[in-house]
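Subject: Structure for your reading, with notes

Dear colleague,

Please find the structure below, followed by an account of what was found in it.

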Amino acid sequence: MGRIVSFGKAINEALHQEMERDESVFIIGEDVAKMGGDFGITRGIWQRWPDRAKDTALSEAAIIGLSCGAAISDLRPVAEIMFADFIGVAYDQLVNNAAKLRFMFNGEVNCAIVVRAATGGGIRCAYHHSQCVEPWLMCVPGLVIVAPSTPYDAKGLLIASIRNNNPVIFLEHKTLYNSKGEVPEEIYELELFKAEVKKEGTDITLVATMAMLKLAYEAAEELAGEDIGVEIIDPRTLFPLDKATVFESVAKTGRLVIVHEGPKGLGFGAEVSAMVTEEMFEYLKAPIKRVTTLDVHIPFSPVLEDYVAPTTGHVVKACQETMEF
Amino acid sequence: MVKEVQIHSCLKSQLEELEKKAAEEVEAMLKFSLESPYPDPKNALKHVYAGLEVEDR
């Protein structure tokens with residue numbers, strides 16, 4: 001591959017290439033056109049396709065409602081919700097329209113919308129701009145939740161999401177926007193609903209999402225010094241989850257630690273833990289552990305935010321306790 | 001804003017006084033913030049619920 005680009009640039013490139021390839025694709029959202037998005041992810045699109053880049057009023061419900069209407073008219077909108085936290089404002093449109101349209105019309109219409117949203121903490125944005133909202137959405141049948149962790153995955157998964165006929169929520173962790181990695185210049189698609197084993201190991205399965213992959217790698221390196229082999233899995237699509245990849249790993253290691261941002265209660269880790277307990281109980285050598293944010297709001301003070309967030313130390317400790325059980 | 005206020009017959013001197021007062025208040029708040037110690041991290045567990053503290057790790 002050889003070309004290094006940022007996570008944000010990879011997403012921008014995916015949008016450009018898909019809009020070039022398919023004229024039914026357009027972008028819509030607050031400041032996505034002339035300004036190029038709050039995080040600069042849609043830069044250059046309005047200049048190239050002024051009729052296919054739509055700035056909207058500050059109404060997330062209107063953005064998603066309009067996108068649903070466009071999608072059932074065979075367009076492919078890529079909507080941006082500036083901060084994932086504001087998905088709450090558009091929740092009814094997502095849950096009661098986007099998620100249900102295909103089912104309500106007996107499979108005769110598609111609601112092929114992609115909702116891009118900047119998610120997660122770590123940039124001192126406090127309560128309303130730092131949440132991980134995937135649990136709000138994973139419980140809704142019909143919605144697909146995609147959450148990349150690398151620039152390569154971001155580009156391939158966004159292209160796949162745009163081409164997919166389901167409503168896809170595409171979560172972009174804010175702390176990853178400037179992270180860099182190898183990304184091919186050509187257009188390519190990565191399979192949705194498919195987890196990836198990022199690192200092989202024999203002792204513990206570590207399932208980590210988005211920015212938590214960094215913690216997982218750091219923990220794996222530290223634990224290697226104790227002769228503990230960690231297998232790291234990035235689910236990439238959070239729901240519907242690729243259970244087979246997780247189950248195959250747990251069958252090998254017998255131990256599972258799940259790392260994600262956001263509250264522990266009823267979060268992504270709770271669902272993975274339940275799935276493995278229900279279907280893989282006989283393989284488990286130790287109780288499953290979850291490393292997450294505490295069950296609180298994300299505080300504004302940096303010391304408080306750091307206190308509630310998961311760290312590499314927490315991941316190492318969870319893995320050690322699992323091994324010692 | 002200056003124009004708006006002038007339309008409503010506010011004296012220039014009154015406006016300057018208001019701006020000075022606002023700047024002083026901001027300055028005082030900034031000084032207080034910078035001179036204050038960081039809060040106890042465990043404060044993050046408070047006030048999520050009434051009458052119940054959230055469990056720590």
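Strand S5 (residues 114-119) of chain A and strand S7 (residues 168-173) of chain A run parallel and are joined by six bridges. One of the pairs can be named: A:Thr119 has A:His173 in S7(A) as its bridge partner. Please bear in mind throughout that this is a predicted model.

Both strands belong to an open sheet of seven strands in chain A, with the order S3-S2-S4-S5-S7-S6-S12 and mixed pairing. At its edges are strand S3 (53-55) and strand S12 (237-239) of chain A, each of which pairs on one side only. On average, neighbouring strands of this sheet are turned by 25° against each other, direction ignored. Helix H1 (residues 7-21) of chain A lies across strand S2 (25-29), strand S4 (76-83), S5 and S7 of chain A, and its direction is at about 130° to S2(A).

Chain A also has an open sheet of five strands, ordered S9-S11-S10-S13-S14, again with mixed pairing. Its edge strands are strand S9 (196-199) and strand S14 (289-293) of chain A. From one strand to the next, the twist averages 25°. S9(A) and strand S11 (residues 230-234) of chain A run antiparallel and are joined by three bridges, and A:Val197 stands opposite A:Ile233 in S11(A). Helix H8 (residues 212-224) of chain A lies across S9, strand S10 (204-208), S11 and strand S13 (256-263) of chain A, running at about 170° to S11(A).

How do two helices of chain A, H3 and H4, lie relative to each other? The axes of helix H3 (residues 60-72) of chain A and helix H4 (residues 91-98) of chain A cross at roughly 20° and come within 8 Å. Angles under 35 degrees count as roughly parallel, and H3(A) and H4(A) are therefore roughly parallel to each other. H3(A) contributes A:Ala61, A:Ile64, A:Gly65 and A:Cys68 to the contact, while H4(A) contributes A:Gln93, A:Leu94, A:Asn97 and A:Ala98. By class, five of these residues are nonpolar, three are polar and none is charged.

Within H4(A), the residues A:Gln93, A:Leu94, A:Val95 and A:Ala98 are buried. The buried residues of H4(A) pack against H3, helix H5 (101-104), S5, helix H6 (134-138) and S7 of chain A.

Chain B, finally, has two helices and zero strands. Of its 57 residues, 9% are buried. The chain exposes about 5300 Å², and carbon and sulfur atoms supply 61% of that area.

Yours sincerely

Technical notes:
Residues numbered from 1 in each chain as written. Chains lettered and ligands numbered in written order. Predicted model: local features only at pLDDT ≥ 70, side-chain atom pairs only at ≥ 80, totals over all residues. Heavy atoms only, no water. Axes fitted to C-alpha atoms, helices over the stretch in contact; angles between N-to-C directions. Helix = DSSP H or I, 4+ residues; strand = E, 2+ residues; numbered from the N terminus. Parallel < 35°, antiparallel > 145°, perpendicular 65-115°, else oblique. Contact = heavy atoms within 4.5 Å. Nonpolar A, V, L, I, M, F, W, Y, C, P; charged D, E, K, R; others polar. Buried < 20%, exposed > 50% of the residue type's maximum accessible area, 1.4 Å probe, protein only. Areas by Shrake-Rupley, 256 points an atom, 1.4 Å probe, with all protein chains shown as cover. Pairing = 2+ DSSP bridges.
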